[in-house]
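Here are my notes on the model, as numbered points. They cover surface, charge pairs and packing.

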Amino acid sequence: QTTLLVMASLLSALYLSWRLMAALDFLYPAFYEIADIGQHIDEFGPQNRYKRGFEQTTRHERETLFAAIAAAVRDQGRGLEALVYKDADGREMGVLLRPPEIIHLRDVARLVRWLEIAGLAALAIVSFQIVFLRRRKLLLPRPGGMMARVAVGVGGMTVAIVAIGPRDVFYAFHDWVFPENSQWFFYYQDSLMSTLMKAPFLFGYIAVALAVLAMVFLWLIFWASDWATRRAVAQRTG
């Protein structure tokens with residue numbers, strides 16, 4: 001019971017973290033400065049082989065475009081082909097995404113949809129587990145003990161990723177989850193999407209933020225589970 005609860009709680013925490021980050025546009029406005037995205041766009045915008053003038057967009061326009069891509073990905077990829085970018089005077093400069101980028105983002109949208117379904121299922125499992133434990137008057141390990149189990153697992157995974165190499169893991173993950181022969185790697189000179197996101201560097205910042213938030217949500221889930229089960233036992237013995 002405890003192992004199942006820990007696994008379901010971890011997936012639930014990641015899902016809640018993802019939803020919160022999505023509501024905050026994955027903190028793109030905050031990471032814009034930290035990751036030097038503006039300078040990156042100024043450097044690679046003029047080098048794009050297919051699109052012109054992206055370096056003339058404002059920071060607000062870039063944040064708007066990122067938010068639109070993120071929203072489209074969570075809406076099964078709808079509207080990606082209609083995204084355009086504008087200069088500081090509001091003049092339309094061109095269509096943002098090329099067909100290979102749209103195909104990739106729709107692949108991402110399908111993956112996100114299944115992950116969100118898995119997150120909702122995990123939340124349902126956690127709720128069922130708490131009800132089951134309350135009715136059986138069973139106690140869980142303290143939240144600190146369960147967090148320690150998670151910390152050992154996460155620590156081991158982190159060591160493995162560092163040993164293998166974060167870039168190799170990143171590439172292997174993409175090869176594994178996306179359809180065979182589908183393009184997911186884009187040079188900055190070929191993709192305004194990659195330039196806008198300063199991929200994959202931005203993803204590193206987002207991953208750290210997701211992990212930190214997930215640990216907060218996980219602690220809250222463990223605390224709520226512990227409180228609910230111990231309260232049931234206390235009521236029985238009282």
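1. In this predicted model, a nonpolar surface patch is formed by V208, V212, V216, W219, L220, W223 and W227, and together these residues have about 720 Å² of accessible area. One of them, V216, sits in helix α9. V216 has a relative accessible area of 44% and is therefore partly exposed, since that class runs between 20% and 50%.

2. The salt bridge count comes to 11. In one of these, E116 pairs with R74, with 2.9 Å between the closest N and O atoms. E116 belongs to helix α5 and R74 to the loop between α4 and β1, so the pair ties together parts 42 residues apart in sequence. E116 is buried at 15% relative accessibility, whereas R74 is partly exposed at 32%.

3. E81 and R106 also form a salt bridge, at 2.8 Å from N to O. Here the loop between α4 and β1 supplies E81 and helix α5 supplies R106, so parts 25 residues apart in sequence are tied together. Both are partly exposed: E81 at 42% and R106 at 33%.

4. D226 and R142 meet at 3.1 Å, N to O, in a further salt bridge. It links helix α9, which holds D226, to the loop between α5 and α6, which holds R142; the two parts are 84 residues apart in sequence. D226 is buried, with 6% relative accessible area.

5. The largest nonpolar core has 37 residues, and F54, I69, L96, L97, L196 and L202 touch the most other members. Helix α4 gives the largest share, 6 residues. L202 touches residues including Y28, F66 and M197. A second, separate core of 16 residues includes A13, L133, F222 and A228.

Technical notes: Residues numbered from 1 in each chain as written. Predicted model: local features only at pLDDT ≥ 70, side-chain atom pairs only at ≥ 80, totals over all residues. Heavy atoms only, no water. Core = buried A, V, L, I, M, F, W, Y, C linked by side-chain atoms within 4.5 Å. Buried < 20%, exposed > 50% of the residue type's maximum accessible area, 1.4 Å probe, protein only. Helix = DSSP H or I, 4+ residues; strand = E, 2+ residues; numbered from the N terminus. Contact = heavy atoms within 4.5 Å. Patch = residues over 30% accessible without salt bridge, like charges linked within 9 Å, V, L, I, M, F, W, Y side chains within 5 Å. Areas by Shrake-Rupley, 256 points an atom, 1.4 Å probe, with all protein chains shown as cover. Salt bridge = Lys/Arg side-chain N within 4 Å of Asp/Glu carboxyl O. Lists of a residue's contacts leave out its neighbours within four places in sequence.
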